[in-house]
Amino acid sequence: MIRLKNVTKTYPNNVVALSNVSFTVAKGEFVFVVGPSGAGKTTLTRLLYREELPTSGSVVVDGQDVTELNPWEVPYLRRTIGVVFQDFKLLPDRTVYENVAFAMEVTGATRREIRRRVPWAIEAVGLKGKETAMPEELSGGEQQRTSLARAIVNKPSLLIADEPTGNLDPTTSWGIVRLMEEINRWGTTVVMATHAQAIVNSMQKRVIALSEGRVVRDEERGVYAHEARYLGIRRA
Amino acid sequence: MGYAVREALRSIRRNSLMGIASISTVGLCLVCLAAFYLVSANIRHVATILESQVEIRVFLVEGLESKRVEDIRETIAGYKDVLSVRYVSKDDALRRLRQQLGQYSDLLADIEEANPLPASFEVSMKSPEKVGDVAEDIARLSGVESVSYKRELVYRLLLVTRVFRVTGTFLVAALAVATVVLVSNTIRLTLFARRHEIAIMKLVGATDSFIRAPFVLEGLILGFVGAGLASLVTRAAYSWVTVNVPKAVPFLPVLPGSPLLDRLTAILLLSGTAMGAFGSALSLRRYTQV
């Protein structure tokens, strides 16, 4: 599903965000990307949906090298990818239903398709009954569920989440992660960049750890950090 | 498409003040354009009428025998640029002069016996712009004393039209630039107000043209509405002119509104819409790096 090869990203101010990163993610996998702030997690996710281009190296998503896409092809790539953020990125002047439908409208979906799929997505994230609520009337968890509904409404083959639980309390966070796990069970590949140690540790999923732009660890059924390092961080 | 229309109207409503400002400048610019267009069309109309009245007066040598007079008439009538030739005898000339003097015609009493006025031809032209050449040829004929023609007025009128057009073009161009800038600013405000929305649209895979369509449409609508208002104002004003000017200045020929205004309306709507589209394209190119 994803194959990064020797990916290096240097920003114009000479900050090296990623340096020589290579890994592959198989179809249907659930992967945590962990590491301290500034380790390059966000840059990594942005490369996947081609918000940014690497300085060198190749990024293959669903069999296609996204670094070689023409600008006009990018929208079509993004229709196959769902993205979720820490700050939800919902439109404040639209209802839950309209926010989800928006993702379909802009792809030129027909009204019939929209009327069929939007209720499905809203129900899938457990927001049935909240269709007409405005984002400001929702709790943080409900807002994130709305953005998840928007991410899955186009049935993406890849779901990218950049700190999706960053603004949520632990209980709510668990709800969101369980939901993402379920979406993953339907066959969608999930890449989740996160700081949430407890979640990573108990989920027993693959963990790719970044530090200063390098992959320092890549384990099946991994944890957020090994004991020594983990304690080290806590002590500091 | 329905989406683009909905969004464009929504954004005009939201930024109604800037919208009104844009529509007014589009309107103002086009009313000026229309005024210049109508005035210069009318000046040209007057010039054409006057030009068609250009005549050459050919004064004949005193005491020319009638056969020679007839020869000269035929020669002049034979020129291809000449429309007609009319003979004015010495007596005719005197009669005319008396008529022109009216109540002062007594003054002529002394000269009636020995009429000093020469016989002449009045030559009207098929192609008025050739008047100089024809007059020169006629002057060379034997038996012709002198020729004269009045072109000054026509020349001056045409010059005025040209000056008027140049000034008008500059002024309208300047106004058009201002209009485009204002429309582009309006669109820029909309873009700014909706930057989060645009970011999300890009994220969920909207194409550039889909994102841009509502903004281009907004510009088009602003331009079109402005042009519509300008057309209405122009039509009303010109109808008033066609009714009232002939009353006040009877000898001034005013072009009828019918074919002229229709063409003008088309021009206004087209250029207004174009200005609107251009304005929005300008800010879209500068402020959306998709």
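Guide: Please note that this is a predicted model. Chain A is divided into domain 1, covering 2-80 and 157-235, and domain 2, covering 92-155.

Visitor: How far apart do the C-alpha centres of domain 1 and domain 2 of chain A lie?

Guide: The domain assignment separates 92-155, as domain 2 of chain A, from domain 1 of chain A. Between the C-alpha centres of these two domains of chain A, the distance is 24 Å.

Visitor: Which helix of chain A gives the largest share of the side of domain 1 that touches domain 2?

Guide: In chain A, 12 residues of domain 1 are in contact with 14 residues of domain 2. The two domains of chain A bury about 1000 Å² between them, 73% of it on carbon and sulfur atoms. On the side of domain 1 of chain A, the largest share is six residues, and it comes from helix 6 (residues 170-185) of chain A.

Visitor: How many residue pairs are in polar contact across the interface of domain 1 and domain 2 of chain A?

Guide: Salt bridges between domain 1 and domain 2 of chain A number zero. For polar contacts across this interface of chain A, the rule finds two residue pairs.

Visitor: In chain B, which strands are the edge strands of the open sheet?

Guide: The open sheet of chain B has four strands in the order 2-3-1-4, with antiparallel pairing. An edge strand pairs on one side only, and in chain B these are strand 2 (82-88) and strand 4 (144-149).

How values were computed
Residues numbered from 1 in each chain as written. Chains lettered and ligands numbered in written order. Predicted model: local features only at pLDDT ≥ 70, side-chain atom pairs only at ≥ 80, totals over all residues. Heavy atoms only, no water. Pairing = 2+ DSSP bridges. Helix = DSSP H or I, 4+ residues; strand = E, 2+ residues; numbered from the N terminus. Domains from an automatic or database assignment. Contact = heavy atoms within 4.5 Å. Buried area = accessible area lost by both parts, 1.4 Å probe. Salt bridge = Lys/Arg side-chain N within 4 Å of Asp/Glu carboxyl O. Polar contact = N/O pair within 3.5 Å; in protein donor to acceptor, adjacent residues only side chain to side chain.
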